[in-house]
Amino acid sequence: MGMVSLSTFTFIDLFAGIGGIRLGFESIGGSCVFTSEWNEWAKKTYQANFESNHEIAGDISQVATSDIPDHDVLLAGFPCQPFSIAGVSKKNSLGKAHGFKCSTQGTLFFDIARIISDKQPKAFLLENVRNLVSHDKGNTFKVILNTLENELGYTVHWKIIDGQSWVPQHRKRIMIVGFREDSGFDWSKLEIPRRGPALSDILHPEDGTEGPIDPYTEGDIGTVSSKYTLSDKLWQYLQNHAAKHRAKGNGFGFGLAESSGISRTLSARYYKDGSEILIAQGADKNPRRLTPRECARLMGFDDSFEIVVSDTQAYKQFGNSVVVPAIKAVADAMKPHIIHSVENSTKAECVEQRAVA
């Protein structure tokens, strides 16, 4: 059983979704010791793709920190929620302390803060939509940074990263990295490829060079199943809708993607009409939406990643996920600092635990 102890550090996967962040940190030698995700369909996909010796916890706000194992790194792609400031002034007038327990109460960020506070991981990566920075006139982000830096005492580095360097999709996300000991982490070590791939690199080629990918393509040359082609009614509706917006001077409407270029951001609502990323199929055929396998590739999941849910759920899951190679790049930049702090950790129990694990 000596194999398992090869993992160089442990991590927990909060708001895990389908495990995109986990993939990035497993790639640098991490071992996942705790997972939390409340969506039942996301859990199905996660369980199909990861071997775990632990159950997936549901609602993290119902999990006591004493039930979470010790870990070196905390990972969380948490939802963006406003913080109520109302509670703060009331506590002020009562002369009570109003640390993060008050300013972030009732949000899911509160759970991240309480776990960091109680478990004191050596590092964390929090991932969110880029709008987090401007959300609620910048107040949300200010409270988050204040909590992490001033109340919890971590050295924090954040950066907005566009997934298009790794995948053919315009997708900006904020990455917030923190270390308990200032380890000299520096974003300049983040390796960003000069040029990302084009959409044609992730589309089913439909020329026989790719075997049939059931149930998304059919026949000898792997033609994309006709069910992904927009119906006349939906295609007409999208064109009318776009024309209406154009007349008003709005930029809305569908996104007909060029296979030589990149796509708009894939969102969780893609299942509704596919309008943000449509693939042209020639003049005499309506455009089609991406297949779930193409969505997986668009997010940087390789083809060994199993899709075990309906198309509707798959579209939601990939639309909510992370760009896996972007996370891997962040993990790579963090790795020497994580390893350094793990090796520096003088706690005998830590060494013992890793030997046991």
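How many bridges join strand S2 (residues 30–36) to S3? Keep that question in mind as you open the viewer; what you have on screen is a predicted model.

**Stop 1: the edge of the sheet**

Select S2 and S3 together. Two bridges join them, and the strands run parallel. For a landmark, click on Ser-36, which stands opposite Ala-57 in S3.

Now widen the selection to the whole sheet. Seven strands make up this open sheet, and reading across it the order is S3-S2-S1-S4-S5-S7-S6, with mixed pairing. The edges are strand S3 (56–57) and strand S6 (155–162), each of which pairs on one side only.

**Stop 2**

**Stop 3: strand S1**

Turn to S1. Are its residues buried or exposed? Six of the six are buried, so S1 is largely enclosed by the rest of the structure. In a regular strand, side chains alternate between the two faces of the sheet. Show the side chains of S1 to look at each face: Phe-9, Phe-11 and Asp-13 lie on one side, Thr-10, Ile-12 and Leu-14 on the other, and all are buried.

Look next at the neighbours of S1. Five bridges join S1 to S2, and the two run parallel; within this pairing, Thr-10 has Ser-31 of S2 as its bridge partner. With S4, S1 pairs in the parallel sense over four bridges, and here you can find Leu-14 standing opposite Ala-76.

Together, S1, H1 and S2 make a right-handed β-α-β unit.

**Stop 4: H5 beside H6**

Go back to helix H5 (residues 108–119) and show H6 with it. Their axes come within 11 Å and cross at roughly 5°. An angle under 35 degrees counts as roughly parallel, and H5 and H6 are therefore roughly parallel to each other. To see where they meet, select Phe-109, Ala-113 and Ile-116 of H5 along with Ile-144, Thr-147 and Leu-148 of H6. By class, this contact has five nonpolar residues, one polar and no charged ones.

**Stop 5: Glu-149**

Stay on helix H6 (residues 139–151) and pick Glu-149. Its relative accessibility is 32%, so Glu-149 counts as partly exposed. Leaving aside residues up to four places away in sequence, Glu-149 touches Tyr-154 and Val-156. Now try a distance from Glu-149 to Arg-180: the two are 31 residues apart in sequence, and 9.5 Å apart in space, C-alpha to C-alpha.

**Stop 6: helix H10**

Finish at helix H10 (residues 311–319), a mostly covered helix in which seven of nine residues are buried. Select the buried ones: Asp-311, Gln-313, Ala-314, Tyr-315, Gln-317, Phe-318 and Gly-319. What do they pack against? Bring up helix H2 (40–49), helix H8 (270–273), strand S12 (288–289) and helix H9 (292–298), and you will have the partners of these buried residues on screen.

Methods. Residues numbered from 1 in each chain as written. Predicted model: local features only at pLDDT ≥ 70, side-chain atom pairs only at ≥ 80, totals over all residues. Heavy atoms only, no water. Buried < 20%, exposed > 50% of the residue type's maximum accessible area, 1.4 Å probe, protein only. Contact = heavy atoms within 4.5 Å. Axes fitted to C-alpha atoms, helices over the stretch in contact; angles between N-to-C directions. Parallel < 35°, antiparallel > 145°, perpendicular 65-115°, else oblique. Nonpolar A, V, L, I, M, F, W, Y, C, P; charged D, E, K, R; others polar. Pairing = 2+ DSSP bridges. Right-handed = clockwise from strand over helix to strand, strands pointing away.
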